[in-house]
Protein chains: 2
Amino acid sequence: MLLKEWGEFGLIDRVRSLFDDLAAGAPAGTEGIGDDCAVIPAGDDTAWVVTTDMLVEGVHFLREAIPARDLGRKSLAVNLSDVAAMGAEPVGSFLSVALPPATTTEWMTGFLEGYKALSAEFGVPLLGGDTTSSLRDVAVSVTAIGRAPADRIKRRSAAQPYDVIFVTGPLGDSAEGLADVLAGHADTPAAHTHHNPRPLVREGAWLGAQCAVHAMMDLSDGLASDLQHILRASGLRAFIDTDAIPTRTSIERAATGGEDYQLLLTAAPDRAGTLADAFARQFGTPLYPIGETAPGPPGIAWLRSGIPFTPDWHGYRHF
Amino acid sequence: MLLKEWGEFGLIDRVRSLFDDLAAGAPAGTEGIGDDCAVIPAGDDTAWVVTTDMLVEGVHFLREAIPARDLGRKSLAVNLSDVAAMGAEPVGSFLSVALPPATTTEWMTGFLEGYKALSAEFGVPLLGGDTTSSLRDVAVSVTAIGRAPADRIKRRSAAQPYDVIFVTGPLGDSAEGLADVLAGHADTPAAHTHHNPRPLVREGAWLGAQCAVHAMMDLSDGLASDLQHILRASGLRAFIDTDAIPTRTSIERAATGGEDYQLLLTAAPDRAGTLADAFARQFGTPLYPIGETAPGPPGIAWLRSGIPFTPDWHGYRHF
C-alpha cells in the first residue's frame, strides 16, 4: 500500500501513537508532537521551544523559480514563524543542506546571505547544522530553538469558548504568488511575497506576553485547515465570518491558501478590544477579528453576511 | 564555480565566518559551530547539547541495500552518538523525513519501528519533526537534544599535552561493510554492522562524568580525519601507534574508514590507567590506548613498530 493513502495527518497520528509510551521518559513538563513547537522546561521558570521544518526541491520550491537568497531566507522564516507562534523569542537555529553536484558557489553564497540577512534582522545566531551532497535535489532542514517564560507559552489547546478569533494580517497573498510561480511568472509582487514570507517574530513574542491571548499558531497550511488544529486541541467549534477575513484576493484563496505565516490567535472576549488596540499601537497594524469560538464538536461554521453556508472551495475537506 | 571546489570544510569555514558576528546574540555561554553538538546553558548548572544530521539516499545509503528498519535505527543512532560524544545524556529527538511518491506503508512502518526500537533502548522520546513528500529521493534529518552538568561537557578543544589517546572499540568494521554493500553484498556481517551502528550512549555519559577525560568526539569520518579536529581545536600534535589500533581489518581501513561511531577521547596520563580499568569494569570492554598528544603544530605522526612512517593510504590527506 502506498504511504499517501495514510495522508500526512494519518502518518503523524501513527508516529504519535507508536512513540506514545516513551513520552514518560522526557523531562517533567515536556510537550512533544502536536503544536507548532515542542516545549521543554529549562530548569528555571522558562521553557525552550523547538521546531524543525524541511523544504524539498520540487515540492516546496522550484530551484529555477526562487532566487537562492530568497530560499535561504525562507528556510529560516518558516521556523522562526513556529517559534513566534508559541509566543517565544528565538535563541538560535541549525541549518542542514543537501546539495546536488551541480550546485555553484554563487548559488550557495546567495542562499547563505539570505539566511544570514533574516538571522541578523532578529539577532538569531546560527549554532550548527550539517552539509552534505545529494544525488539530484536540494533539501533544506532547519531547526529553530526559542525561549519564553513557561507560563506565557501559547498552545493550540488553550482556546476557551466564546474567544474572539484574530488573524494578524491579510490572507491569500502567498497562494496568489504560488499560482503566479506555477504559471511561470516568478517576478510578480505576489510571487515575491510567496518567496519572502515575513515571520512575525516580534508580534509573536509580544502576543505571548499578553494573558488575554489564549491559543495561538501560525498559518502555514491555510486558515480552513490550520484553525481545525486549534478547535480539535481545544474541543471547540468556531463561527468564521468570511466577510471579515482580510484579503486582497478571493475568499477561497484567503481561506484555503497556505504559507501566509500570519498568526492565528484566540483571545478572551472581554479583553479582546483592549488587546487589539494595544497591538495596533505597538505594531501599527490591526488585529483582524474574524469570528469566535463556541462549545460544540470541533469544526468550522462559515458565515457570509451572517448566514451559514457550505463552502464549495476546491480541495476543502469538511471535518 | 562548483561548490565542491570549496570542499565540505571550506564551506563550513565560510558559514562560520559569515555568521560570526551574530554569535554575541546567543545566551551567555552558548557554543555554536565547531563540536559534535552545540552547547546552550540551561539556566541552572546544566547545559543542553543539540546536534543535527541529514542522511540522503544515494549519498549516505542505498534504499535497495539497507532494510527500512536499519535506516530508521541508523538515522537516530548517528545523532545519539554525537550527544554521547559530548558526555551528555539524550533528552529527546526530532525526526524529519522527505519521502518519494512510491514509498509504501510497509517501508515507512519498518523505518519507524527501527527508529522506535533504538529510542526505546535508551528511553529517548520523539518530541517532534516534519513529514513531507519528495520528488525522487528519501532524505532524513534528525535533531537530537541532550543534557549534562555544565562542568562535565567534553569538548574537542580540551585535550592537554601528553594526554593518552583512547578509542572505545575496533575500527574499520563499518568501512568493511560499506565495501561489501557497494560490491552488492548487503547481507554480510560487516554490512549488517555498517547498517546498524551502536551509539555509545551509556559509555559517553559515563565518560562525561570522569574528570580524567579531557577531549572527546565520535568517530564518524575516520580516525585519521576526526583526530585532526581535536588536534586543531586543542593546538596539539599526536603520535599514533598503528600497531595499537584495534581492528579486524586492514590498518588503512581502520585509520581512514568512516561510520564506526566509536568514541575517541584523550585522558590525563596519570589517571589514564585507572580510567581504563574503571571503564572495563563498568562496560566489560577495554578502552584502547592508541597514542598520545604532544606540544607542536597540529598533525598526526604515525608510528609502526615505534618507527615514524608516512602513510600511502588511498584518499588520506596530510594536513
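Through which surface do the copies, chain B and chain A, meet? They meet through the same surface, because 100% of the interface residues of chain B are also interface residues in chain A. What you have here is a predicted model, in which local features need pLDDT of at least 70, side-chain atom pairs count only at pLDDT 80 or more, and totals for chains, interfaces and linings use all residues. Residues are numbered from 1 along each chain as its sequence is written, while chains are lettered from A and ligands numbered from 1 in the order in which they are written.

**How the two chains are related**

- Chain B is superposed on chain A by a rotation of 180° with 0.0 Å of shift along the axis, and the RMSD is 0.0 Å. The two copies are thus related as by a two-fold rotation axis. The superposition is by least squares on the C-alpha atoms of residues with pLDDT of at least 70 in both copies.
- The contact takes 66 residues from chain B and 66 residues from chain A. Two residues are in contact here if their C-beta atoms, placed from the backbone, lie within 7 Å.
- On the side of chain B that touches chain A, the elements giving two or more residues are helix 1 (7-18), strand 2 (46-56), strand 3 (89-99), helix 3 (105-121), strand 4 (126-133) and strand 5 (139-149) of chain B. Helices (H or I, at least four residues) and strands (E, at least two) are DSSP runs, numbered from the N terminus.
- Strand 4 of chain B gives the most to this side, with eight residues.
- By class, the side of chain B that touches chain A holds 34 nonpolar, 23 polar and nine charged residues. Nonpolar covers Ala, Val, Leu, Ile, Met, Phe, Trp, Tyr, Cys and Pro, charged covers Asp, Glu, Lys and Arg, and the others, Gly among them, are polar.
- B:Trp107 lies in helix 3 of chain B, and B:Trp107 is buried, with 20 other C-beta atoms within 10 Å. A residue is buried if 20 or more other C-beta atoms lie within 10 Å of its own, exposed if 12 or fewer, and partly exposed in between, with C-beta atoms placed from the backbone.

**Chain A as a whole**

- Chain A has nine helices and twelve strands. Its radius of gyration is 19 Å, close to the 20 Å that the globule rule gives for 319 residues, so chain A is as compact as a globular protein of that length. The radius is taken over C-alpha atoms, and the rule is 2.2 Å times the number of residues to the power 0.38.
- The C-alpha trace of chain A spans about 55 × 50 × 50 Å along its principal axes.
- Of the 319 residues of chain A, 53% count as buried.
- Among contacts in chain A with a separation of 6 or more, 82% come from residues 24 or more positions apart.

- Chain A is assigned domain 1 (32-152) and domain 2 (156-309), with bounds from an automatic or database domain assignment. The C-alpha centres of the two domains of chain A lie 22 Å apart.
- In chain A, 22 residues of domain 1 are in contact with 21 residues of domain 2. Helix 2 (68-85) and strand 3 (89-99) of chain A are the elements that give two or more residues to the domain 1 side.
- Helix 2 of chain A gives the most to that side, with ten residues. The domain 1 side has twelve nonpolar, two polar and eight charged residues.
- 18 of the 18 residues of helix 2 of chain A are buried, so this helix is largely enclosed by the rest of the structure.
- Just after helix 2 of chain A, A:Gly87 takes a positive phi of about 80°.

- Buried residues in helix 4 (residues 173-182) of chain A include A:Asp173, A:Glu176 and A:Asp180. The buried residues of helix 4 pack against helix 5 (189-195) and helix 8 (251-256) of chain A.
- The loop between helix 8 and strand 9 (263-267) of chain A holds A:Glu259. A:Glu259 is not a glycine, yet has a positive phi of about 65°, and A:Glu259 is buried, with 23 other C-beta atoms within 10 Å.
- A:Tyr261 lies in the loop between helix 8 and strand 9 of chain A. A:Tyr261 has a positive phi of about 55° although it is not a glycine, and A:Tyr261 counts as buried, with 23 C-beta neighbours inside 10 Å.
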